[in-house]
Amino acid sequence: MTWTIYLSGEIHSDWREQIEAGAKQAGLPVSFSAPVTHHEASDDVGVAILGAEPDKFWHDHKGAQINAIRTRTLLEKADVVVVRFGEKYKQWNAAFDAGYAAALGKPLIILHQDEHAHALKEVDAAALAVAKTPDQVVSILRYVINGTLSGYTEALDAGQ
């Protein structure tokens with residue numbers, strides 16, 4: 001089985017690439033999907049395709065609706081959803097994706113630093129794991145997919 005992992009959230013760092021590289025290095029049978037991470041393209045998709053809007057609300061609304069087609073479809077198809085909250089921005093869309101995934105009953109891994117623990121306590125409570133680093137996410141995926149835990153299962157495997 002190939003597991004489908006949806007990577008949602010912060011778009012201003014390389015956390016997605018770190019998880020993808022770690023999963024590849026670990027030989028995990030996974031495929032990844034994500035929202036459009038080109039910020040301007042995501043913001044402007046509605047007006048670029050459907051026409052200009054003089055009011056910023058409708059400009060954003062058109063883009064959000066088109067982006068929701070991709071986001072909802074990929075979230076619904078995912079086996080596991082990882083949501084990253086970065087240090088710099090509020091990322092309401094990430095919180096929405098986490099809530100949507102939780103409502104769908106998707107296994108949810110939240111990724112953020114300690115300084116956001118209080119603000120994200122409800123999101124964290126809905127998650128099955130809360131990680132601080134992309135490496136921790138890869139280790140979680142390795143464990144749930146292969147049943148291997150570094151430092152534990154290698155000794156068992158060597159003795160068999």
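Me: Axes are lines fitted to C-alpha atoms, for helices over the stretch in contact, and angles run from 0 to 180 degrees between N-to-C directions. At what angle do the axes of H3 and H4 cross?

Reply: This is a predicted model, where local features need pLDDT of at least 70, side-chain atom pairs count only at pLDDT 80 or more, and totals for chains, interfaces and linings use all residues. Numbering runs from 1 along each chain as its sequence is written, and side-chain values use heavy atoms, without hydrogens and water. Helices are DSSP runs (H or I, at least four residues), numbered from the N terminus. The axes of H3 and H4 come within 10 Å, and they cross at roughly 40°.

Me: How are H3 and H4 oriented to each other?

Reply: Angles under 35 degrees count as roughly parallel, over 145 as roughly antiparallel, 65 to 115 as roughly perpendicular and the rest as oblique. H3 and H4 cross at roughly 40°. They are therefore oblique.

Me: Which residues of H4 make the contact with H3?

Reply: Contact means heavy atoms within 4.5 Å. H3 brings Thr71, Arg72, Leu75 and Glu76. From H4 come Asp97, Tyr100 and Ala101.

Me: How many residues of the contact of H3 with H4 are charged?

Reply: Asp, Glu, Lys and Arg count as charged; Ala, Val, Leu, Ile, Met, Phe, Trp, Tyr, Cys and Pro as nonpolar; the others, Gly among them, as polar. The contact has 3 nonpolar residues and 1 polar. Its charged residues number 3.

Me: How far apart are the axes of H1 and H6?

Reply: H1 covers residues 15-25, and H6 covers 134-146. They pack at an angle of about 40°. Their axes lie apart by 9 Å.

Me: How many residues of the contact of H1 with H6 are nonpolar?

Reply: H1 contributes Trp15, Gln18, Ile19, Gly22 and Ala23, and H6 contributes Pro134, Val137, Val138 and Leu141. The contact has 2 polar residues and no charged. Its nonpolar residues number 7.

Terms used: Helix = DSSP H or I, 4+ residues; strand = E, 2+ residues; numbered from the N terminus.
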